[in-house]
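Walk through this fold with the coordinates open.

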Amino acid sequence: MPQHYGDESTRRRGALFHRRQGAAQPQATASSCRTRYVIDGRLRPTPENVSVAEALHFAEAAPDRMALALFPAPTPQDVDELAVAWDLHPLLVEDLLHAGQRPKLERYGDVLFMVVRSARYDDAAEDVDFSEFHVLVRPQAIAVLCQDKRWIDGTGENSMANDPADIADRGGRTLLDDEHLLSLGPEAVAYRLLDAIVDGYTPVLRGLSIDKEQIERQVFSGDAAVTERIYRLSQEVIDLQHATSSMADVLVALRQGFGRYEVPEPLQAYLQDVEDHLAHASTRVSELRDALSQILSVNSTLVAQRQNEDMKKISGWAAILFAPTLIGAIYGMNFDTMPELHWTLGYPLALGAMAALALGLYIVFKAKKWM
């Protein structure tokens, strides 16, 4: 049975990778797998179109070898090939076929399975894009599946597919550029991936912080559209907080397995450094969320204050208009015994009283700064 170290999936997007049953079988497509060989911590030339099984056989042929299988756009056929070559547990295969999961860590026999999410800030849309990665680690081999068909830097499937070598180089610059760590095994590649994802949170936080500063200026300038912007930014911060907190659970689960799975000391120290960076990012996310909450409170206070000022003006003008209306209403009742109706000066006196009352009330309200 698998050993569970993280939260189970809370969302499924099975429709994206659902296998069709019956006569209508999906057409076979070319594998998106890009394989890299490592011998004694150094990259070695990799044959073209090497299969997952061939890569695993190469890695297991000697203790100083390792194979990295990178799937920039995994398909059900890719998952099937990986499942057969690695003899994966059916539950693990099910997870690989369905993206949209929370970060977690599980072990199925000698296979370590991680779900992690990277973040990238889109300044034009003021939005945070998350990319999901499924990482499988076994002795002398590692597989990385880009479930959202994007790399950590946001490079899309179409751009990566134009040049297969660029995919490997892109992954190599992130994962395979430290010979000392690579000599420690595939766990080192997984840790490098976690480090790259955690480091990617920093520019996201920088972009969100700039948006927060802009919102603060909008709040005090009286911009009516700022409230919606506060809510949208708060949602982005909450999503990022969920990603960082779930990633923290994954790192804790990895640390708890140090003794049981005999993780080398250098990798333990490396993971501790990743945890420190993540803790810093989590602290900044919490500070951003608290700051946005305070900004929303201040904005609500300022809106209420402006509404109060508007109500004062409306009430003042209503009172000014009420006085002439009252006089006009009294003399519009048309009673027979109203001596003022027969005065020669009755009409100008009524108009004068209306003007005097209106002017007097205006002066009073102006003095009280209601106008």
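Strands E7 and E8 form a hairpin with 2 residues between them, and Gln140 there takes a positive phi near 75°. Strands (E, at least two residues) and helices (H or I, at least four) are DSSP runs, numbered from the N terminus. This is a predicted model: local features need pLDDT of at least 70, side-chain atom pairs count only at pLDDT 80 or more, and totals for chains, interfaces and linings use all residues. Residues are numbered from 1 along each chain as its sequence is written, and side-chain values use heavy atoms, with hydrogens and water left out.

E7 covers residues 127-138, and E8 covers residues 141-146. The two pair in the antiparallel sense over 6 bridges; pairing requires that DSSP finds at least two bridges between the strands. Leu145 in E8 is the bridge partner of His134.

E7 also pairs with E6, residues 111-122. These strands run antiparallel, joined by 11 bridges. Phe113 has Leu136 of E7 as its bridge partner. The hairpin of E6 and E7 has 4 residues between the strands, and Glu126 in the turn shows a positive phi of about 50°.

How enclosed is E7? Of its 12 residues, 10 are buried, so the rest of the structure largely encloses the strand. Buried means under 20% relative accessible area, exposed over 50%, and partly exposed in between (1.4 Å probe, protein chains only).

Asp95 sits in helix H4, residues 90-97. Asp95 counts as buried, at 5% relative accessibility.

Next, helix H2, residues 52-60. Its buried residues include Val52, Ala55, Leu56, Phe58 and Ala59. Seen down the axis, the buried residues of H2 fall within an arc of 160°, so they line one face of the helix. That arc is taken over the directions from the helix axis to the C-beta atoms. Their cover includes E2, E4, H3, E7 and E8, with contact meaning heavy atoms within 4.5 Å.

Now the loops. Asn49 lies between strand E3 and H2. Its phi is positive, near 55°, and it is not a glycine. Asn49 is exposed, at 77% relative accessible area. Glu262 lies in the loop between helices H9 and H10. Phi of Glu262 is also positive, near 50°, and this residue is exposed at 69%.

Last, helix H8, residues 186-221. Its 36 residues should span 52 Å at 1.5 Å a residue, and the end C-alpha atoms are 54 Å apart, which agrees. The expected span is 1.5 Å times one less than the number of residues. Gly222 follows H8, with a positive phi near 85°.
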